[in-house]
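Subject: Structure for you to look at

Hello,

Here is the structure I said I would pass on. Please open it and keep it beside this email while you read.

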Amino acid sequence: MASVKRCGRLVASVSASELAQMGVCERLVVFEHQCGKLRTAEQQSAIKRGRRAHRRFYRERNGDSDRGKRGFAGHFRHQVRRFWRTWYCLLLRVTRWLHAAENRDEL
Amino acid sequence: MNFEAAALARIAEFVAALWRQKWSSPPAKATKSLPQELRGVRLIYAERLFGSPSPVVITARVDRVYRNATGKLVLVELKTREANRPYWSDVIELSAQRFALCGQTGEAMADHAYILTERPDGRPTGSHRVRLIAPADLIALATRRQELLAGMNDPKQADFRGVCRKCVFVRLCNLPWPRLGQSIK
């Protein structure tokens with residue numbers, strides 16, 4: 001629990017996510033207060049995944065897409081670029097796979 | 001011939017994967033997952049930190065806040081999880097967010113909020129409308145938390161066994177229920 005200064009006094013403050021832990025397990029709240037926050041590898045990766053999802057969620061805040069901001073020409077350019085990037089990626093993968101297959105045959 | 005067939009199959013598989021990942025635009029997914037009440041309404045806040053004044057100081061970072069047709073602010077929270085359902089902790093978190101936002105801005109808030117769930121791979125699974133708890137109950141919960149941390153009360157155990165399975169403190173936690181304690185290793 002952190003403290004914030006209000007009217008020259010230190011007042012204990014609690015974040016919404018800390019308070020939400022009360023709905024998970026009260027014993028966990030007490031242990032985390034005593035020992036600090038410990039996370040398993042699985043929990044850490046879940047936290048990272050959640051942060052990534054939140055960043056994306058924030059980028060998407062203005063609705064359907066960025067199409068409105070780009071305009072017609074910008075949107076067309078974006079689509080063309082995406083198309084070529086996709087095909088370039090596909091060709092690269094296929095070439096690599098064919099090379100690998102040829103090497104396998106030689107061996 | 002076999003080699004060519006395998007190559008074609010691999011290409012088809014890859015194109016299908018690209019179609020799924022790149023050509024289904026994520027922004028459209030986000031809008032589709034919004035509940036009917038919030039489609040086409042104005043977004044007021046996104047990723048903003050709020051703090052309520054005394055008696056209990058609660059700080060909260062909101063994911064999104066929309067103004068609905070009746071002029072009230074509605075909270076939206078994104079959750080990444082396998083299960084397509086809200087938890088009690090989500091309700092507490094959103095209630096705390098409402099308390100903090102209302103305390104700082106003084107605006108009228110709706111007594112419900114939405115939780116958007118998506119799977120760990122980013123696929124949206126649905127939106128859930130939840131009823132938020134009253135400010136008095138939230139203050140009581142914050143007070144109980146302070147009492148627990150001060151050692152004035154005994155903490156209760158988790159209601160679900162799944163919580164204990166994933167908990168790092170499971171060995172430290174001397175579970176009072178032998179049946180539950182024995183099942184968790």
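This is a predicted model: local features need pLDDT of at least 70, side-chain atom pairs count only at pLDDT 80 or more; totals for chains, interfaces and linings use all residues.

Residues are numbered from 1 along each chain as its sequence is written, chains are lettered from A and ligands numbered from 1 in the order in which they are written, and side-chain values use heavy atoms, with hydrogens and water left out.

The chains

Chain A has four helices and two strands; helices (H or I, at least four residues) and strands (E, at least two) are DSSP runs, numbered from the N terminus. Read from the N terminus, the order in chain A is β-β-α-α-α-α. Chain A has 107 residues, and 27% of them count as buried. Here buried means under 20% relative accessible area, exposed means over 50%, and partly exposed is in between (1.4 Å probe, protein chains only). The accessible surface of chain A is about 7700 Å², with 55% belonging to carbon and sulfur atoms. Such areas come from the Shrake-Rupley method with a 1.4 Å probe, and for residues only the protein chains shown count as cover.

Chain B has six helices and five strands, in the order α-α-β-β-β-α-β-β-α-α-α from the N terminus. Of its 185 residues, 41% are buried. Chain B exposes about 10400 Å², and carbon and sulfur atoms supply 53% of that area. Among the contacts in chain B with a separation of 6 or more, 52% are between residues 24 or more positions apart; a contact means heavy atoms within 4.5 Å.

Where the chains meet

The size of an interface is often given as the accessible area lost when the parts come together. Between chain A and chain B the buried area is about 5300 Å², and carbon and sulfur atoms give 69% of it. Buried area is the accessible area (1.4 Å probe) that two parts lose on being put together, summed over both. Chain A brings 55 residues to the contact and chain B brings 64 residues.

How many salt bridges are there between chain A and chain B? The count is two, where a salt bridge is a side-chain nitrogen of Lys or Arg within 4 Å of a carboxyl oxygen of Asp or Glu. A:Arg56 pairs with B:Glu118, with the closest N and O atoms 2.7 Å apart. A:Glu26 pairs with B:Arg144, and there the closest N and O atoms are 2.6 Å apart. A:Glu26 lies in helix H2 (residues 26–35) of chain A and B:Arg144 lies in helix H4 (residues 135–149) of chain B, so this pair joins two chains. A:Glu26 is buried at 7% relative accessibility, whereas B:Arg144 is partly exposed at 22%.

Other salt bridges

Over all chains the structure holds 10 salt bridges. One of them is between B:Asp111 and B:Arg131 (3.1 Å, N to O). B:Asp111 is in strand S4 (residues 109–118) of chain B and B:Arg131 is in strand S5 (residues 124–131) of chain B, so the pair ties together parts that are 20 residues apart in sequence. B:Asp111 is partly exposed, with 34% relative accessibility, and B:Arg131 is exposed, with 61%. B:Asp121 and B:Arg123 also form a salt bridge (3.2 Å, N to O), and B:Arg123 is partly exposed at 48%. B:Glu77, B:Lys79 and B:Glu93 are linked in a salt-bridge network.

The cysteines

A disulfide is a pair of cysteine sulfur atoms within 2.5 Å, and by this rule there are zero disulfides over all chains. For A:Cys25, the nearest cysteine sulfur is that of B:Cys164, 5.9 Å away. A:Cys25 is buried, at 8% relative accessible area.

A surface patch

A:Phe72, A:Phe76, A:Val80, A:Phe83, A:Trp84, A:Trp87 and B:Val15 make up a nonpolar surface patch, with about 760 Å² of accessible area together. Patches are made of residues with over 30% relative accessible area and no salt bridge; like charges are joined within 9 Å, and nonpolar side chains (Val, Leu, Ile, Met, Phe, Trp, Tyr) within 5 Å. Helix H4 (residues 67–106) of chain A gives the most to the patch, with six residues. A:Phe72 lies in this helix and is exposed, with a relative accessible area of 72%.

Regards
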